[in-house]
Amino acid sequence: MALALVTSLIAVVMAFLVFFVRMKASEKPTNAKKIILPPLFMSTGALMFIDPVFRVTRGELIEAVALGLFFSLFLIKTSKFEIRGNDIYLKRSKAFIWILLGLIVIRLGLKTYLGRTIDYRQLSGMFYLLAFSMIVPWRIAMYVSYRKLAAQLKPPVLT
């Protein structure tokens, strides 16, 4: 029980950290590297699956990835860029904090419910897969949107 409480508290703290990082990010111009690197860094977490206790069943994998893809739609919808001067900035979204809080509440609810029947290590693997399959499509969509705006900033090449 104490482990579940500690890990839930860590998840809440991380959510608020994401929120503050996102708010700070909207104050500075962005670039492709800032969009692409977070999922690459997060991908190292897949090393947990080297240990068999973290491995999930095929059904759990499909559930986690499908839920992650569904949740990514909300993040994609609230992530827009704008051109200010000669730079591209991430727009602040009032809905982002509510979506983030909603995701945390859903995560805690799922953890409480699923934790009764699924080993906490497998559950960790499922939540990693959910988060990764949520972040990757979100960041891909952000990158595509960023590239479209970046193309508008560059003057056409005359031949």
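These questions and answers walk through one predicted model. Local features need pLDDT of at least 70, side-chain atom pairs count only at pLDDT 80 or more, and totals for chains, interfaces and linings use all residues. Residues are numbered from 1 along each chain as its sequence is written, and side-chain values use heavy atoms, without hydrogens and water.

Me: In what order do the elements of the protein chain run from the N terminus on?
Reply: Helices (H or I, at least four residues) and strands (E, at least two) are DSSP runs, numbered from the N terminus. The protein chain has 5 helices and 2 strands. Their order is α-α-α-β-β-α-α.

Me: Which residues make the nonpolar surface patch of about 460 Å²?
Reply: Like charges are joined within 9 Å, nonpolar side chains (Val, Leu, Ile, Met, Phe, Trp, Tyr) within 5 Å. Areas come from the Shrake-Rupley method with a 1.4 Å probe; for residues, only the protein chains shown count as cover. Helices α1 (2-25) and α4 (94-114) each supply at least two residues, and the patch is made by Phe16, Phe20, Trp98 and Leu101.

Me: Is Trp98 buried or exposed?
Reply: Trp98 is found in helix α4. Buried means under 20% relative accessible area, exposed over 50%, partly exposed in between (1.4 Å probe, protein chains only). Trp98 has 62% relative accessibility, so this residue counts as exposed.

Me: What share of the 159 residues of the protein chain counts as buried?
Reply: The C-alpha atoms fill a box of roughly 65 × 30 × 20 Å, taken along the principal axes. Within the protein chain, the buried share is 32%.

How values were computed: Patch = residues over 30% accessible without salt bridge, like charges linked within 9 Å, V, L, I, M, F, W, Y side chains within 5 Å. Salt bridge = Lys/Arg side-chain N within 4 Å of Asp/Glu carboxyl O.
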